[in-house]
Amino acid sequence: MPRAVTLCRTAGLEAFGAGDDSSRRWAGITYVYAARELFATAKAFADAKVLDADPVFPGPRETTLARALAEPRP
């Protein structure tokens, strides 16, 4: 979650995270994900701040939200 919030804020969005305490229940797998997040956060920082890379969106552009927002409200 810290990585997602940081990337949103880097993109100029006002973002907040909300977590839970499931790490106590799933302690083993939480450590695996924490290790993965360490490397993912370093890559995200490099992409956002060092390389100033534009995001890459694989596949066709999703237009559902734009269409929904363009429809007149009742």
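1. Some ground rules. Residues are numbered from 1 along each chain as its sequence is written, and side-chain values use heavy atoms, with hydrogens and water left out. As the model is predicted, local features need pLDDT of at least 70 and side-chain atom pairs count only at pLDDT 80 or more, while totals for chains, interfaces and linings use all residues.

2. Start with helix 2, residues 27-50 (helices are DSSP runs of H or I, at least four residues, numbered from the N terminus). From first C-alpha to last, its 24 residues reach 33 Å, close to the 34 Å expected at 1.5 Å a residue (that is, 1.5 Å times one less than the number of residues). Asp52, which follows helix 2, has a positive phi, near 50°.

3. Now bring in helix 1, residues 2-10: it packs against helix 2 at about 5°, with the axes 10 Å apart (axes are lines fitted to C-alpha atoms over the stretch in contact, and angles run from 0 to 180 degrees between N-to-C directions). The two helices are therefore roughly parallel (angles under 35 degrees).

4. Who meets whom? Arg3, Leu7 and Thr10 of helix 1 meet residues of helix 2 including Arg36, Glu37, Ala40 and Lys49 (contact means heavy atoms within 4.5 Å).

5. Finally, look at Cys8 in helix 1. Cys8 is partly exposed, because its relative accessibility is 28% (the class between under 20%, buried, and over 50%, exposed, with a 1.4 Å probe and protein chains only). Leaving aside residues up to four places away in sequence, Cys8 touches Leu13 and Ala15.

Terms used
Parallel < 35°, antiparallel > 145°, perpendicular 65-115°, else oblique.
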